[in-house]
Amino acid sequence: MRKPVIAGNWKMYKTIAEAVATAGALARQVADVSHCEVVIAPPFTAIAAVAERLRDANVRVSSQDVAAEAKQGAFTGEVSAEMVLEAGARYCIVGHSERRQFYGETDESVARKIVAGLAAGLTPIVCVGETLAERDAGEAETVVGRQLRGAFSGLTASEVARTITAYEPVWAIGTGRTATPETAQQMHRFIRGVFAEAAGAETADGVRILYGGSVKPENAAELMAQPDIDGGLVGGASLEADSFAKIVRYQ
Ligand code: PGA
């Protein structure tokens, strides 16, 4: 059985005080939840304070990115996986489309970040997804397949098993336009097939694949009901504890 994961990506929102307050409100609202793992990814500056606030809660913390370099060194502006772990995070998002689009993230750097995250003991949440132009050109699976092979190529099956993938079609992020459950399911099944080829059927069967892109309380249940959708990566609707808690309680 794959345990679903509902993860909130707070992007560049919230001061430390706001992040701690939202995390506290969320922790109260999901205190009895056991059907899924609940994760929030605040900005780097708030990770330690949020993790401290959630010390006794069933909500875990993620970073939104991590350095590709595993060891400390002269890399101005970067934050290593070990630093993120020490601050209290247990997951790291890597390869988000905004990082690919605006900050030069490539499949090669994503691959290195996965390795760095795993080496530190973090669970990488690896984002893939096609643009609207790529989908319209009939290339969605080609693009996602290439991103997956690029990101996961050097990993053993047991390393792949310690990661989470998030399928986030770029055209659905922050646009209010969600992939239909059928479109999402089709891509999730394809992704599981790529893992089966690369890491074997057993690993593919166990790996969690989240859907992201305009997930809201109103559409969470039908998305999560799909057989190959194992949770969600939520942006806008995770910023308020109430709406995020409703998504966590999609059942
Ligand atoms: P959204 O963002 O839910 O606001 O569409 C999702 C994401 O970027 O992870």
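Modeller: The discussion below treats strands, helices, cysteines and selected residues.

Modeller: This is a predicted model, in which local features need pLDDT of at least 70 and side-chain atom pairs count only at pLDDT 80 or more, whereas totals for chains, interfaces and linings use all residues. Residues are numbered from 1 along each chain as its sequence is written, and side-chain values use heavy atoms, with hydrogens and water left out.

Colleague: Which strands form the closed barrel, and with what pairing?

Modeller: Strands of a sheet pair through backbone hydrogen bonds, either parallel or antiparallel. Two strands are taken to pair if DSSP finds at least two bridges between them; strands (E, at least two residues) and helices (H or I, at least four) are DSSP runs, numbered from the N terminus. Here eight strands form a closed barrel in the order E1-E2-E3-E4-E5-E6-E7-E8, with parallel pairing. Neighbouring strands of this sheet are turned by 25 degrees against each other on average, direction ignored.

Colleague: How many bridges join E2 and E3, and how many join E3 and E4?

Modeller: E2 and E3 pair in the parallel sense over three bridges, and Val39 stands opposite Arg60 in E3. Strand E3 (residues 59–63) pairs with strand E4 (residues 91–94), again in the parallel sense, over two bridges. Ser63 has Cys92 in E4 as its bridge partner.

Colleague: How many residues of E3 are buried?

Modeller: Buried means under 20% relative accessible area, exposed over 50%, and partly exposed in between, with a 1.4 Å probe and protein chains only. Four of the five residues of E3 are buried, and the strand is mostly covered.

Colleague: Which helices lie on these strands, and at what angles?

Modeller: Angles run from 0 to 180 degrees between N-to-C directions, and axes are lines fitted to C-alpha atoms, for helices over the stretch in contact. Contact means heavy atoms within 4.5 Å. Helix H2 (residues 44–53) packs on the sheet and touches strand E2 (37–41) and E3, its direction making about 160 degrees with that of E3. Helix H7 (residues 140–152) lies across strand E5 (123–128) and strand E6 (164–167), at about 150 degrees to E5.

Colleague: At what angle do H1 and H12 pack, and which residues meet?

Modeller: Helix H1 (residues 16–29) packs with helix H12 (residues 241–248) at an angle of about 35 degrees, and their axes are 9 Å apart. From H1, Thr22, Ala25, Leu26 and Gln29 meet Ala241, Asp242, Phe244 and Ala245 of H12. By class, this contact has five nonpolar, two polar and one charged residues.

Colleague: How many disulfides does a search of the whole structure find?

Modeller: A disulfide is a covalent bond between the sulfur atoms of two cysteines; the criterion is a pair of cysteine sulfur atoms within 2.5 Å. The search of the whole structure finds zero. For Cys36, the nearest cysteine sulfur is that of Cys127, 18 Å away. For Cys92, the nearest is also that of Cys127, at 10 Å.

Colleague: Why does Cys92 count as buried?

Modeller: Cys92 counts as buried because its relative accessibility is 0%. Cys36 counts as buried at 5%.

Colleague: What does Thr203 touch?

Modeller: Thr203 lies in helix H10 (residues 201–206). Leaving aside residues up to four places away in sequence, Thr203 touches Ala157, Val160 and Ala161. Thr203 counts as buried because its relative accessibility is 14%.

Definitions and conventions
Ala, Val, Leu, Ile, Met, Phe, Trp, Tyr, Cys and Pro count as nonpolar, Asp, Glu, Lys and Arg as charged, and the others, Gly among them, as polar.
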